[in-house]
Amino acid sequence: MYQHTRLTNNNFTFFQKFKNFDYILLICILLLGFISLATMYSTDGGKILFHTKSHFIKLMIFTMMMLFISFINIKFWFSIGYLSYLGVVGLLVWTYFFGITSSGSQRWMNLYFINLQPSELMKIFIILCLAKYFHRMKLENVNSVYTILTSIIIIILPMGLVIIQPDLGTSLLIAVSGIAVLWFAGINHKYFIYTMLGFVISLPFVIAFLKPYQKLRVLTFLNPDKDPLGAGYQIIQSKIAVGSGGIFGKGFLKGTQSYLEFLPEKHTDFIFTLFSEEFGFVGSVVLLVVYIIIIYRIIAIGANSRSYFAKLFCYGFGAAIFVFITINMSMVLGLLPIVGSPLPIMSYGGSSMLATMIGFGIVMSARVHSQQLIA
Amino acid sequence: MINSSSDNVKKLNSINRRMFITGSLKFFIMVGIVSRLFFLQVKENKKYLTLSDKNRIREWKLAPVRGEFQDYFGNVIAGNFEAYQLHVIPEQVENFKYVIYRLKDLLELSDTEFKKVLKKKKEIKPWETLIVSNNLSWDKFSKINNHLYDLNGVKPVISISRNYPFDENFTHIIGYVSQANEQDIENSELIKKNFVPGIKVGKIGLEKSFEEILIGTNDIERYEVNAYGRRISQLEFQKGKKGQTLKLTVDTEIQKLANALLKDKAGSICVMDIFTGEVIAMHSSPSFDPNLFVFGISQDNWQIIRNDPLKPLLNKTLQGRYSPGSTLKPIVALSALENGIINTSFTVRCTGKTEMYDQTYHCWKKEGHGYVSLRNAMKMSCDTYFYEIARRLGVDKLSETAKKFGLGKKVFDNLFEIEKDGLIPNTQWKKNALGKGWLLGETIITGIGQGYIQTTPIQLCLMTAQIANGGYKIYPKIVINDNDKIKPSDYYTPLYKNSKNMRIIQDAMFGSTNEVMGTSYRSRIDNPKYQFAGKTGTAQVKKITERERELDLKTSEIPYEQRDHALYIAYGPYVNPRYALSIVVEHGGNGSTTAAPMAKKLFKLIIDRHEMRQSINEKKYLEI
């Protein structure tokens with residue numbers, strides 16, 4: 001009987017869907033959007049200039065899009081799992097041949113109204129694809145050679161397409177997203193350990209194959225003071241900005257490091273530096289708490305979903321977002337070498353925001369349709 | 001169905017277990033990031049705050065205002081003037097090419113000057129100041145001001161720069177300033193500290209010796225700058241302090257007279273207060289205009305100064321080493337008296353030449369002076385007499401007295417780095433320096449101030465002053481507010497053994513100037529107010545051959561380089577003496593005809609200005 005009532009609930013009404021929204025998650029996302037807008041306003045020197053306007057418009061459009069996605073049944077997202085993945089792979093191939101080259105890397109495709117970076121989308125759609133792949137699989141088949149090989153191919157294919165752009169940072173993040181799903185799907189932990197060991201052992205060989213600028217980044221990370229005006233400049237200035245922020249920060253619009261242009265890439269990868277300089281330790285912790293709540297809500301939604309697909313997607317997406325955030329922050333705080341990785345929502349950049357919002361949308365859809373079973 | 005559902009349960013268990021592991025991992029990573037934030041922002045905050053300020057705050061120093069030099073009466077002899085300069089900040093000029101060519105026309109810049117400006121422009125950043133011209137005439141400056149409407153970005157600036165109103169008169173005392181070079185910066189911490197591009201520092205003379213007092217401190221402007229060094233806003237302006245003004249003991253009028261007397265001649269005049277040691281005048285001729293150096297001397301002017309055969313760059317007063325000639329005779333006589341070798345009644349017969357140690361020594365007077373006593377020997381400057389007493393005295397005793405009276409040793413210690421010691425020879429010196437034994441013949445020529453002996457004009461002046469004041473030690477000085485390092489107890493220590501001997505020498509010098517047959521009789525002043533006593537000297541620059549002696553050429557018939565140096569030392573007024581002087585005219589021929597007449601003119605002026613000088617002194621005491 002109980003089961004029956006549940007099944008009848010499959011035809012969700014609009015009003016019910018509205019009621020099922022995770023408002024804490026929504027508020028946190030909106031709050032994050034607001035914070036990012038304020039920070040972008042500060043990077044423009046306290047004026048509403050190009051970056052602020054553009055960021056605001058993207059935020060509006062993509063938030064609407066996220067809400068729209070939440071109303072679409074999770075079944076639909078399950079059904080397009082492979083298709084969307086192949087679509088993005090197609091975009092990557094297209095980019096390889098016809099993409100726009102900027103600062104030595106061919107990673108954008110010109111869509112006339114927006115320059116899209118398909119590699120950013122791949123960070124999300126690889127999760128969708130793998131979640132679908134493991135949805136129906138029996139646990140005893142998960143560790144079969146066939147499965148493992150297939151999933152490795154699913155990960156390696158877009159990685160390779162992104163590496164040749166060349167964009168090492170994003171390709172690694174794609175791999176992280178994929179591996180997170182494999183981990184939750186139950187692939188034997190031995191494989192992870194072996195992979196890790198293999199990675200560490202092959203590291204010297206990998207470094208030998210790195211491009212000179214990538215090698216320089218690694219060396220710079222190990223000793224930024226060696227060449228303070230050259231390669232180490234970014235990391236030193238970033239640390240100065242964060243460190244000089246102190247407990248309460250220098251105040252909104254008063255970050256001298258960014259205002260006087262000592263900070264590089266303050267709109268994109270180093271946005272957290274600027275935020276941290278102006279709002280200090282307290283502000284940074286508040287921002288972290290907002291992120292943690294978001295991640296916590298994503299996981300909670302996954303835990304409450306009936307379908308294995310939704311669970312896998314939420315857990316995978318939650319882990320990926322967590323990794324994106326921590327990698328970006330570790331990078332600007334001088335804990336990791338500089339790899340191009342934006343801070344979700346905060347950083348300027350349409351593709352990254354689009355991907356993240358699609359992710360949030362699917363998670364929200366999983367929440368709205370939490371009782372939906374997928375055959 | 002059961003199978004599938006049990007598989008589902010297993011799958012759920014697995015995913016939840018792994019979620020738990022992931023969650024814990026996330027927790028540790030978060031703790032890591034928060035602690036990193038804490039470390040940077042709370043623990044190391046101070047360090048990074050300093051680094052951030054170092055990033056954003058930059059100081060601009062402006063050239064400090066240099067202290068002035070004044071003469072004894074407070075006249076400025078090295079001051080500051082407002083130099084009219086033209087600055088351009090390239091990035092503020094819309095059409096730089098147009099403006100710079102327009103300026104070239106207006107300022108009538110030569111092609112080389114113009115190229116220099118363009119080269120400088122390439123070396124600086126567009127927002128830095130380009131100095132198109134650093135010392136414009138008022139005419140051109142006002143011309144520019146009239147055309148400012150179409151010279152966008154051109155800034156007429158008034159900046160403070162060094163000026164020497166008396167041109168060449170004080171060059172060898174004060175020296176000059178010019179742009180600091182690397183060596184100047186390396187040698188002085190204070191210059192390093194105050195350095196700004198274009199700062200001018202003393203290169204020679206007192207300008208160099210008192211650099212650290214004169215330099216002053218910079219005005220400092222603190223600006224907030226961006227990462228590219230562009231000024232955003234001024235945070236602070238810190239006013240600097242002008243350098244200290246130095247007052248000299250020198251009297252400009254007497255200095256000017258000294259300059260005029262030595263015009264077109266190479267030589268030196270110095271005048272000294274015999275009690276205080278204050279230098280009233282100190283001039284080396286020829287001199288040169290120090291103003292030429294302030295903004296960098298042109299190649300043409302430099303070549304003219306450098307190639308002048310009279311050597312203007314040489315400070316003859318302090319660096320010139322001359323045989324004192326007969327001006328040493330008062331010291332020789334004094335030494336002989338002090339050592340009891342002779343007394344006033346000791347006489348020598350002069351026949352014009354004398355044979356000693358297989359060598360003939362000539363008196364300047366071929367016919368000889370006949371029997372001469374000390375007083376007459378000094379008066380007529382009889383060489384034979386001094387050959388004889390030098391022979392009896394010995395060089396070691398002579399050198400002892402000469403050194404006591406200030407010869408052979410720097411007069412100003414380290415005040416002028418160029419000052420030379422000169423040389424008072426003795427047997428020990430020759431052994432050490434030349435590795436040879438002293439020859440008795442050398443003693444004999446030392447007795448008339450020839451041979452190895454070398455003195456500077458300032459030493460001769462000090463010697464004369466100390467004879468004039470009755471034989472008491474004085475310490476010459478040229479800067480009034482120079483902190484005296486000399487203990488008061490050191491002043492006026494007697495240099496004689498018997499003061500009677502001093503009076504004998506003074507009397508002999510009086511005779512030399514004021515009595516018939518005295519070598520400088522023609523330059524005497526009879527009025528007791530100005531009456532002075534002195535001693536002529538004629539220093540050979542080369543050994544006179546027998547042939548030349550027979551020819552007995554007039555000075556004008558001898559090539560310039562071979563003519564004798566003319567010297568004169570004197571003090572006055574004879575009753576109650578106050579001032580001593582020494583005059584050296586290089587290749588002037590003869591002390592009595594060239595040097596002594598200068599003393600006459602000098603003493604007139606010196607004594608006329610004595611009261612004025614005294615009144616300044618009294619005023620000083622009143623002020624205390």
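Two residues are in contact here if their C-beta atoms, placed from the backbone, lie within 7 Å. Keep that in mind for the whole tour. Helices (H or I, at least four residues) and strands (E, at least two) are DSSP runs, numbered from the N terminus.

This is a predicted model, in which local features need pLDDT of at least 70, side-chain atom pairs count only at pLDDT 80 or more, and totals for chains, interfaces and linings use all residues. Residues are numbered from 1 along each chain as its sequence is written, while chains are lettered from A and ligands numbered from 1 in the order in which they are written.

**Stop 1: a helix pair in chain A**

Select residues 118-135 and 145-163 of chain A. These are helices H7(A) and H9(A), with axes 11 Å apart and a packing angle of about 170 degrees. Axes are lines fitted to C-alpha atoms, for helices over the stretch in contact, and angles run from 0 to 180 degrees between N-to-C directions. The two helices are therefore roughly antiparallel (angles over 145 degrees count as such).

Now show side chains. H7(A) brings Ser119(A), Met122(A), Ile126(A), Cys129(A), Leu130(A) and Tyr133(A). They meet Ser151(A), Ile154(A), Ile155(A), Pro158(A) and Val162(A) of H9(A). By class, that contact has nine nonpolar residues, two polar and no charged. Ala, Val, Leu, Ile, Met, Phe, Trp, Tyr, Cys and Pro count as nonpolar, Asp, Glu, Lys and Arg as charged, and the others, Gly among them, as polar.

**Stop 2: where A touches B**

Show both chains. Contacts link 35 residues of chain A with 34 residues of chain B. On the chain A side, the elements giving two or more residues are H10 (168-185), H13 (233-245), H14 (256-259), H15 (271-304) and H16 (308-332). Color H16(A): its eight residues are the largest share of that side. The chain A side divides into 20 nonpolar, 11 polar and four charged residues. The model scores ipTM 0.91 and pTM 0.67.

**Stop 3: chain B overall**

Chain B has 25 helices and 19 strands. Its average pLDDT (the predictor's confidence in each residue, from 0 to 100) is 88, and 97% of the residues score at least 70.

**Stop 4: the five-stranded sheet**

Follow the open sheet of chain B in the order S12-S11-S19-S18-S17, paired antiparallel. Two strands pair if DSSP finds at least two bridges between them. S12 (279-285) and S17 (533-539) of chain B each have a single partner strand, so one side of each lacks a neighbour in the sheet. The twist averages 5 degrees from one strand to the next.

Zoom to S18(B) (565-572) and S19(B) (579-585), joined by seven bridges. Gly572(B) has Tyr579(B) as its bridge partner.

**Stop 5: a hairpin**

Go to S14(B) (353-356) and S15(B) (359-362), antiparallel strands joined by four bridges. Lys353(B) stands opposite His362(B). Two residues separate the strands of this hairpin, and Tyr357(B) in the turn has a positive phi of about 45 degrees.

**Stop 6: a covered helix**

Finish at residues 383-393 of chain B. Nine of the 11 residues of H17(B) are buried (20 or more other C-beta atoms within 10 Å of the residue's own; exposed means 12 or fewer, partly exposed in between; C-beta atoms are placed from the backbone). Among them are Tyr385(B), Phe386(B), Glu388(B) and Leu393(B). Gly394(B) follows the helix, with a positive phi near 90 degrees.

Notes: Angles under 35 degrees count as roughly parallel, over 145 as roughly antiparallel, 65 to 115 as roughly perpendicular and the rest as oblique.
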